[in-house]
Amino acid sequence: MEINKEFLGKLFEQAVVNPRLRQNFDLRTSANDNSQRMLNALLPGTVVLIHRHPQSTENVFLLCGKIVEVIYDENGNEIERIHLDPTVGNYGCVVPQGAWHTVEVLEPSVIYESKDGKYGEDGSETFDAFKAKEVENKEQASATFSNSLEDLKKNIEYLIGMERQSGSMDVITPLYVSRMLNVPLKDVEKVMKDMGA
């Protein structure tokens, strides 16, 4: 197999009719090859979401065209722009492992890209999905905390009821409840204050 002008022309033809305005060609030698090695024909207007590969660096070599590899920080702020153009000697780059990045296509281009890990199993994720997951995790943590406080309230009510029923204590302090339930004093104080106890 030769990777020549004719081969790249056919890849561009496929990219033109692809709604994503890009077309890749798998260069792995077998389905058992757990790496990702491919040619990717990219047309201006293609949208490559900001994403990262937590388990691998990504090697990008530009065979033809002009692109900009854009690197972002953890908050989605642009921190670096790497202009690739083989006509001026800028042939490629290595995107660091875990770095958020995307590509801007300035003219029809073909890149060779490679990274470790089987596609779909390499931990790669988009920035938008990562942020949505962060929000969901915060909401779940908040709900869990609320539920645990609600459970604590029930346990405190039960303990107070039992102590009063037995007549052994007139005043039940947060410190006593904290020790009896083996719960941090600050949590007990918050719940008992909300209960008016």
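Which residues lie nearest the centre of the largest pocket? They are Met-38, Asn-40, Glu-113, Lys-115 and Tyr-119, among 35 lining residues. This is a predicted model, where local features need pLDDT of at least 70 and side-chain atom pairs count only at pLDDT 80 or more, while totals for chains, interfaces and linings use all residues. Residues are numbered from 1 along each chain as its sequence is written, and side-chain values use heavy atoms, without hydrogens and water.

A pocket here is an open set of points on a 1 Å grid over the protein atoms alone, where a 1.4 Å probe fits, with protein on both sides within 12 Å along at least five of seven lines; lining residues have an atom within 4 Å of a point. The largest pocket has a volume of about 820 Å³. Strands (DSSP runs of E, at least two residues) contribute to the lining. β1 (22–26), β2 (36–42) and β7 (100–115) are among those giving at least two residues each.

Now the core. A nonpolar core joins buried (under 20% relative accessible area, 1.4 Å probe, protein chains only) Ala, Val, Leu, Ile, Met, Phe, Trp, Tyr and Cys residues through side-chain atoms within 4.5 Å. The largest has 14 residues, and Val-60, Ile-67, Leu-84, Cys-93 and Ile-111 touch the most other members. β4, β5 (78–84), β6 (92–95) and β7 each supply at least two residues. β4 gives the most, with four.

Strand β7 also holds Ser-114. Ser-114 is buried, at 10% relative accessible area. Beyond four places in sequence, Ser-114 contacts (heavy atoms within 4.5 Å) Gln-36, Arg-37, Thr-57, Glu-58 and Asn-59.

Note on methods: Grid points are joined across faces, edges and corners, and a volume is the space filled by probe spheres set on the points. Buried means under 20% relative accessible area, exposed over 50%, partly exposed in between (1.4 Å probe, protein chains only).
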